[in-house]
Structures are given as structure tokens and as C-alpha cells.
Amino acid sequence: MNTILIKDGLLVESDRSWRADLLIEGEKIARIASHIKLDEVPPDTTVVPADGLCVMPGLIDAHTHYHLISRGTVTADSFAEGSKLAAFGGITTVIDFADHDKTRPLVQSAQDRIAAMSAGMAIDFALHQGVYGIPKALVSELKELKEHGVTTIKIFTTYKNVGYLIEKEGLRELFSACKKLSLMVSVHCEDDELIEQTNQQHTGTYTPADHPLLRPSEAEYRAIMDIGKLAKEFDMPFYIVHLSSARGLDAVRELRSQGVSLIVETTPHYLLLDSSFLERDDGPLYIMTPPLRSVEDKLTLQDALVAKEIQVVATDHCSFTKAQKLASDDCRLTFPGIPGTEELLPLIHTFAVASSRMSLSHMVRLLSTAPAKAFGLYPQKGSLRVGSDADIVIFDPEHLWTLSAETLHSEAGYTPYEGFGVAGKAIMTYARGRLIMGDDVYLGTPGEGQFLRAGVPQVYRGFR
Ligand SMILES: [Zn+2]
């Protein structure tokens with residue numbers, strides 16, 4: 001059996017960090033002790049010196065869209081490429097999305113996506129299932145989904161025009177069923193009516209810089225409040241994907257003060273970019289929904305992250321090539337979405353940890369432990385415990401480098417963070433005991449990633 005001894009690293013868990021040795025046997029973490037002697041391990045053990053380095057549980061990008069087929073095209077990073085970006089970024093698990101084909105049972109949409117991902121992924125993955133309409137046999141379809149290991153569903157409060165929006169009565173039925181089955185409801189929160197109204201009243205241009213005007217943050221506030229009301233009525237938690245604005249955060253605070261339990265995700269782009277990027281000549285490269293907001297919004301979200309009002313940072317990686325993005329500068333036509341998986345760890349480490357605003361443990365909670373718990377993957381994932389999967393990232397917190405299309409690997413051919421100086425780099429990434437990235441060389445193999453059957457989201461058992 002493959003044994004690896006990682007020596008003298010700083011082990012970082014979500015609640016503490018300490019100096020210790022860690023032994024991997026096969027696919028699992030086998031032992032952790034302050035000092036493991038070489039005569040205690042098999043002679044063919046690989047010894048990895050990690051003095052001065054952090055040893056963290058592999059990160060989880062809980063929001064990716066690899067190989068997304070959308071608007072008659074497909075995104076730049078497929079499952080194999082996405083896995084590669086993840087490995088370079090210290091990420092060992094992603095949670096991707098399956099669209100809802102309303103002509104077939106939900107579980108079939110999920111199974112198609114799982115089959116395609118199983119063939120291409122080099123790291124483990126779980127799935128969120130989109131629900132864009134209410135099937136007749138809703139409860140039994142959701143039950144089947146749960147039995148197949150898919151325990152979150154994703155809904156939209158917008159995109160009525162493409163058939164994604166579920167009307168009020170349908171939502172009540174859905175929430176009631178999800179509560180009964182302890183499924184997590186993830187929500188893209190933008191109020192469709194307000195967006196429609198705003199668009200009808202709009203008389204100006206449709207440049208990238210107009211995009212935030214067409215999808216105002218007030219729409220995020222309204223949608224969160226509406227969904228919150230429903231969640232309160234059914235006394236159930238929900239998960240907000242990609243919170244983008246201070247107004248959205250107002251809604252989160254109001255609902256929490258009313259006792260609603262919600263888990264909030266934001267992304268590096270809402271924390272570190274703002275609408276001024278849309279005014280540049282290459283503005284279309286920065287279009288996603290919800291749109292980038294003001295500098296004040298960005299700073300408010302940063303403070304909320306540090307203050308633990310936000311539980312998860314994930315990327316919403318949805319990469320189009322530069323050519324795809326720049327094909328139109330009409331913000332209604334530009335493909336929405338940006339790359340981000342590979343940039344996640346260095347960005348959050350730089351902005352939050354290297355700047356002394358949060359501890360390494362807090363970062364591990366945001367990027368690994370909290371998503372594992374929220375989506376029923378803990379403690380197999382998201383933890384350095386004996387018995388957990390040997391998904392480990394060895395991270396050099398002092399490595400200074402510059403994010404650039406030249407230094408990163410997305411097929412998009414650009415990074416929204418071009419020229420950002422960062423502190424910290426993943427130098428070795430292990431996925432279930434296999435080294436998939438070391439010293440800037442990618443070693444992953446498509447097909448080696450496994451589908452993770454998610455359990456009950458921990459929020460149903462008291463999320464901490
Ligand atoms: Zn998304």
C-alpha cells in the first residue's frame with residue numbers, strides 16, 4: 001500500500017492549527033502525531049518534508065460549472081481541464097450542477113451529469129441538481145435523487161424568460177418536500193419582476209457598464225427576503241449562492257434576526273472586483289450574474305466575511321474564452337461567467353490571511369470544512385482526521401507570485417485577476433492519497449475522480 005509521511009508541517013483544521021506529522025496509507029489519513037519516527041512506518045514510505053509549510057484538508061469548490069452547455073455553446077474548461085485547475089489551486093473536490101431536463105425524472109438529469117463527470121474528472125465531485133419546474137411526482141423524484149446521493153437542489157428566482165423560474169405555489173410545494181426529506185435548497189437570488197421592470201424602463205445603452213443597472217442589488221434583497229419568508233414558514237434552512245451586494249447582506253441580517261437559518265456563499269469576484277472593471281475596454285470579460293457591484297458593496301462583503309456572516313467562499317467558475325466573451329459588447333448578449341477555481345486559494349489567503357484579517361483556520365473553514373458540512377460530505381471531506389480521505393494540500397504561505405494568464409491554466413485564456421500580486425501557493429495536492437500536482441506539474445488522470453454520494457446536509461443537525 002502507498003504510504004506517505006508528511007513531516008513537520010503546520011496542520012490546519014477549521015478550529016486550530018498545530019505542528020505535527022501526518023501519515024497517509026492508501027486513500028486515507030492513517031495517523032497524526034507530533035512526531036512519527038521513520039522506523040514506525042514501512043521502509044518504502046515516501047517522506048515529504050513540510051517544515052515552514054501548511055498542511056490543509058483539500059479545498060472544496062462548492063460552485064463550479066465545468067463543461068457547461070449554454071446558449072448554443074460550451075464553456076472553455078471541461079471536466080479534465082477543471083480538475084487540472086483545481087489541482088493547481090489546492091482543490092480536491094468540486095460540487096458542480098446538473099441542469100433540469102423537465103421532460104425526464106430529476107434523477108436522470110443527475111445521472112447523465114454524473115456519468116459525464118465520472119469520465120473526465122481527476123478529483124472527486126458531488127452534485128447540485130437544478131429544479132426548474134415542479135414534476136407531478138415531486139416527492140418521489142426528490143426521494144430518488146437523495147437515494148442516489150444528491151442532497152441539494154438549486155433553484156433560480158430569475159430567468160423566467162428561459163424557463164428556470166418556479167412560481168410561488170410551486171415553491172411552497174418544493175420547500176415542503178425538501179423539508180420532509182432534509183434536502184438543502186440552494187438559491188440564486190435576484191427578483192425577476194424587478195429586473196424585468198428595470199429593463200422595460202431602461203432607455204440608455206447596453207454596454208458592460210450598464211449591466212449592474214439592469215440587475216440592481218435591490219433585486220437581490222427582494223429575492224432573499226421572499227425566499228426567507230418561505231423558509232421561515234417551513235422552519236427550514238437554505239443556502240444563498242454567490243451573494244453579491246450590501247443590500248443582499250441587509251436581507252441576510254434581517255432574516256437571521258428573525259431566526260431564519262441560512263448559509264451564505266460569496267465568491268472571490270464580489271469580494272475583490274467591482275463595477276469599475278466593466279468600464280474598461282475589455283469590460284465584457286467581467287460580465288457574470290449577478291453583476292459586479294460598487295466598491296462599497298465589495299468592502300461591505302469583505303467585512304462580513306471577516307465577521308463570519310458569510311460561511312462559504314466558492315468560485316462559480318464558468319469560463320468562456322476571451323473570444324467568446326469579447327464577441328459582443330452588448331451586456332445582454334455577452335456569455336455570463338468567469339473562471340476562478342485556480343485563483344480561489346491564493347486570493348483569499350492574500351486578502352484575508354496574509355493581511356492578518358483572519359486566521360488560517362478560518363480560511364480552511366470557509367474553503368473546505370463549511371462546504372463539506374453544508375453539503376453532506378463531512379468528515380470524509382473537509383477535515384484532517386484519521387479516517388478522512390487523504391485529500392491534502394501542502395501550501396506555501398510565503399510564496400509571492402502574480403496571477404496572470406501566463407501563470408494559470410484555464411482554457412479561457414485570461415484571468416479576471418490579471419496582474420494581482422498574491423501571497424501563497426499550493427505546492428503539492430493529494431487526492432485520496434494520489435499526488436495530482438507537485439512543483440507546478442499536473443499529475444492527475446481523467447476518470448480517477450469519484451462521484452461522492454452526499455449525506456444529509458449538516459445544517460439539519462445544527463450547523464456550526
Ligand atoms: Zn453558478
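The model is a predicted one, in which local features need pLDDT of at least 70 and side-chain atom pairs count only at pLDDT 80 or more, while totals for chains, interfaces and linings use all residues. Residues are numbered from 1 along each chain as its sequence is written.

**The sheet**

Begin with the open sheet of eight strands, whose order is β6-β9-β10-β11-β12-β13-β14-β15 and whose pairing is parallel. Its edge strands are β6 (59-64) and β15, each of which pairs on one side only. Here helices (H or I, at least four residues) and strands (E, at least two) are DSSP runs numbered from the N terminus, and two strands pair if DSSP finds at least two bridges between them.

Within this sheet, select strand β10 (residues 124-130) and strand β11 (residues 152-156), which run parallel and are joined by three bridges; Gly130 stands opposite Lys154 in β11.

Select next strand β14 (residues 262-266), where five of the five residues are buried, a residue being buried if 20 or more other C-beta atoms lie within 10 Å of its own, exposed if 12 or fewer, and partly exposed in between, with C-beta atoms placed from the backbone. Both faces of β14 are covered, with Leu262, Val264 and Thr266 on one side and Ile263 and Glu265 on the other.

Now show helix α8 (residues 246-257), which holds Asp250. Together β13, α8 and β14 make a right-handed β-α-β unit; a crossover is right-handed if, with the strands pointing away from the viewer, the path from the first strand over the helix to the second runs clockwise. Asp250 counts as partly exposed because it has 16 C-beta neighbours inside 10 Å.

Bring in helix α7 (residues 217-233), which packs against α8 at an angle of about 20°, with the axes 7 Å apart. Axes are lines fitted to C-alpha atoms, for helices over the stretch in contact, and angles run from 0 to 180 degrees between N-to-C directions. The two helices, α7 and α8, are therefore roughly parallel to each other, since angles under 35 degrees count as roughly parallel, over 145 as roughly antiparallel, 65 to 115 as roughly perpendicular and the rest as oblique. Among the contacting residues are Tyr221 and Ile224 of α7, and Asp250 and Ala251 of α8, contact requiring C-beta atoms, placed from the backbone, within 7 Å.

**Helices α3 and α4**

For another helix pair, select helix α3 (residues 138-147) and helix α4 (residues 168-181), whose axes come within 10 Å and cross at roughly 40°. These two, α3 and α4, are therefore oblique to each other. Where they meet, the α3 residues include Leu138 and Leu142, and the α4 residues include Leu174 and Ala177.

**Helix α12**

Finish at helix α12 (residues 344-354), where nine of the eleven residues are buried, so the helix is largely enclosed by the rest of the structure. Its buried residues include Leu344, Pro346, His349 and Phe351. Just after α12, look for Ser356, which takes a positive phi of about 65°.

Conventions. Two residues are in contact if their C-beta atoms, placed from the backbone, lie within 7 Å.
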